[in-house]
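Please read them with the structure open.

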Amino acid sequence: MKNSDLLREAYDPAAFRRLGHEVIDLLADHLEQLAHKPANQLKPPQEMYDFWSATLENTSGNALTDWLPQLLQYSVQVPHPRYMGHQISPPVPMSALAGLVDGLLNNGMGVYEMGASSTAMERAVIRVVADQMELGQAADGFLTSGGTLANLTALLAARSRHTEVWNKGNKQQLALMVSEEAHYCVSRAVRIMGWGAAGLILVPADHQRRMRADALEAELFRAESEGKKVIAVIGSACSTSTGAFDPLSDIADFCTRHQLWFHVDGAHGGALCFSRKHRHLLEGIARADSVVMDFHKMLLQPAITTALVFKDGQQSFRTFQQKAHYLWSEQQEPEWHNLAKRTFECTKLMMSVRIYSVLRAYGTSLWERYVDQVIECGQELARQVQARADFELAVPPSCNIVCFRYTKMGLRPEQLNALNTGLRQQIIEDGRFYIVQTSLDGQVYLRCTLASPFTTSEDIRALLDFITKLAAE
Ligand SMILES: *Cc1c(COP(=O)(O)O)cnc(C)c1O
């Protein structure tokens, strides 16, 4: 085949139409049959590599549909009612379709001209988030690639307010304060910014693993006496391992008193702003200088889609005080519509299209229903755990993250750890359920994020029965 024919064939709209119908049919069949399949059919890494690299040798004419069934089989089934693993939501099929549109349009998003509609949609989406969080009319922000990157971006803005570090580098020992329960990306951000271990001040947590706001004063005093310049406090809403919500109002009071930047890492739990029933856990978020919220954790979006919102929208232009003459001519103008002025990404996915598709179809009601539903599922798991003598809850859950463990009378701590680690390993190898584990104060707990809106109390009972049966063997 001549090269020009190969290109023509690869881009042929008629072939795309045919294949597209087949792909959607396969995916819809997959979703219909999901509940009868394992939640995760996990194979060892080398076996998977051998399988996929061997099939790559035979490339001629193989359409997506030839190998899609295997990809479906050997993927973790996030929408499965018995998927209760890491924090990621089953995408609403409509937003997955919008992702297909996004992939085909491939607007670059760095400047307005390279994505006029999706840039405007992005602003509209951010407005909805800012309003739900009651951040006020001056609030503004953007979408970016994940909570990890969004937290770093926000902290760079906080840093720029206090120093001229962009041009002159770090001169002082800067530091921020965050709960000892915070996500590891905060520690990473501190080290990326060049502050070293000394830049991360871990504030102790209470028995429910929320930041002890009453400990902030002493920590600040100690840091200052060691010559550190503390510039920000981060509230976790919620923490990753147990789902604990820090007392945001108290942290806001503290930040106001000491003129510190108040950042909220709401990667997971920021979504509760859409729930009238649960938004009280976010009380105080309206006073944050910056807030991060993932759409792929509790808001039914495909990864990876994160909102970063600043209470004072102007602050969002502080992060990167940089020039790029080929992109925009007005260097200093805070233009909301040239997004790369404010994002790490130069080229970026058209994330807003997927979110917009859901808002357009369901408003914010779908998110509210989902958030309420999965939190209720978490409560149900907690109730069932507490009703069984041989199970123990780590902390009462606030959202859809639940940590618990299997216990036996007379076992020493390390034996309990080995028992629960073994149980989780057997659950993974079996594949019917997918759950994860975490370590709290050196003790191993099984950890579930209830992600499917279709998990029933029967599924939960089946999980606990299965663990009991494994433990008896
Ligand atoms: C998941 C999570 C992150 C990281 O977000 P990604 O989107 O995975 O990069 C950060 N903070 C908290 C509290 C989280 O739960």
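1. How do the residues of the lining of the largest cavity divide into nonpolar, polar and charged? They divide into 2 nonpolar, 2 polar and 4 charged (Ala, Val, Leu, Ile, Met, Phe, Trp, Tyr, Cys and Pro count as nonpolar, Asp, Glu, Lys and Arg as charged, and the others, Gly among them, as polar).

2. This is a predicted model, in which local features need pLDDT of at least 70 and side-chain atom pairs count only at pLDDT 80 or more, while totals for chains, interfaces and linings use all residues. Residues are numbered from 1 along each chain as its sequence is written, and side-chain values use heavy atoms, with hydrogens and water left out.

3. The lining of the largest cavity is made up of Thr119, Glu122, Arg123, Asp140, Gly141, Trp336, Leu339 and Arg342. On a 1 Å grid over the protein atoms alone, a cavity is a set of points where a 1.4 Å probe fits but cannot get out, a pocket is an open set with protein on both sides within 12 Å along at least five of seven lines, and lining residues have an atom within 4 Å of a point.

4. The largest pocket is lined by 42 residues, with Leu27, Leu31, Pro91, Pro93 and Ala96 nearest its centre. The lining of this pocket comprises 33 nonpolar, 7 polar and 2 charged residues.

5. The largest nonpolar core has 65 residues, and Met177, Leu216, Val233, Phe295 and Trp367 touch the most other members. Such a core is a set of buried (under 20% relative accessible area, 1.4 Å probe, protein chains only) Ala, Val, Leu, Ile, Met, Phe, Trp, Tyr and Cys residues joined through side-chain atoms within 4.5 Å. A second, separate core of 32 residues includes Leu176, Ala232, Leu308 and Met350.

Terms used
Buried < 20%, exposed > 50% of the residue type's maximum accessible area, 1.4 Å probe, protein only.
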